[in-house]
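Please open the structure in your viewer and keep the selection panel at hand.

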Amino acid sequence: MESHLTVLAPLAAVWLAAGWLADGMPRLDLADDLRRRAGRVLALTLTALGLTAAVLGVGLSSGGATPVDRAAAGLTLAAAPALVVATCTVRRVRRLRAGAGAFAAAPGTPAPHGLRAAAAHPLVGLPLQVTGLAVLPAVVAAGAPGLLFGPGVTGPAITGGVLGVAAIGVRHALRHSRLAERATPPRPASSRAAGPLHV
């Protein structure tokens, strides 16, 4: 009997690849590189969303015991972050690609800190990475049934997953904040010296 691992493994690979590429976008120094990377992230993201929607649609409508049905049942944990990707991340990556394209007309143009800060926004990389991580338990359960749901394993697995997602979120927030500060124009020295007015 064919396992639903054959459906879930490629899906997890696409989500994880999109998250990995998105994580590297803020480190790119050239606008043209940022535009190309944003295009790849957008293509992988749309592919992952399409595959996820197809698996969930076919699996939930048929209600049988085929590999697609079992894969759809395993994707319930990934449905919420995938919805965030569809509503927030896709729009942000499209805008980022368009913005980088405006600067990439001349070869070798540096990527502005504002674009890199937009690439580091938590709503760009975090939902992609969380969705990829949310598919992994289904992949593990399909490959090794009982491994994640044995006695004494479920609690630590959930705790580890929550802590991992929190650490990724904090990292994204700190990086976005650092790049956003660089993008903010410095205040004039006269306004800094004057300070607040007291009446």
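This is a predicted model: local features need pLDDT of at least 70, side-chain atom pairs count only at pLDDT 80 or more; totals for chains, interfaces and linings use all residues.

In which helix do Arg36 and Asp32 both lie, and how many residues apart are they? Select the two: both belong to helix α2, four residues apart, about one turn of the helix. Helices here are DSSP runs of H or I with at least four residues, numbered from the N terminus.

Residues are numbered from 1 along each chain as its sequence is written, and side-chain values use heavy atoms, with hydrogens and water left out.

Display the side chains of Arg36 and Asp32, which meet in a salt bridge at 2.6 Å, N to O. The term requires a side-chain nitrogen of Lys or Arg within 4 Å of a carboxyl oxygen of Asp or Glu. By this rule the count comes to seven salt bridges.

Next, select Arg175 and Asp23, whose closest N and O atoms are 3.3 Å apart in a salt bridge. This pair links distant parts of the chain, with Arg175 in helix α7 (residues 154-183) and Asp23 in helix α1, 152 residues apart. Arg175 counts as buried at 8% relative accessibility, and Asp23 counts as buried at 10%. Buried denotes under 20% relative accessible area, exposed over 50%, and partly exposed in between, with a 1.4 Å probe and protein chains only.

Move to Asp29 and Arg116, a salt bridge with its closest N and O atoms 3.9 Å apart. Asp29 lies in the loop between α1 and α2 and Arg116 in helix α5, so the pair ties together parts that are 87 residues apart in sequence. Asp29 counts as exposed at 52% relative accessibility, whereas Arg116 counts as buried at 12%.

Now colour the largest nonpolar core, which has 38 residues. Such a core is a set of buried Ala, Val, Leu, Ile, Met, Phe, Trp, Tyr and Cys residues joined through side-chain atoms within 4.5 Å. Trp15, Met25 and Leu34 have the most contacts inside this core.

Finally, centre on Met25. Leaving aside neighbours within four places in sequence, Met25 is in contact (heavy atoms within 4.5 Å) with Leu34, Arg37, Ala38, Val41, Leu96, Ala119 and Val124.
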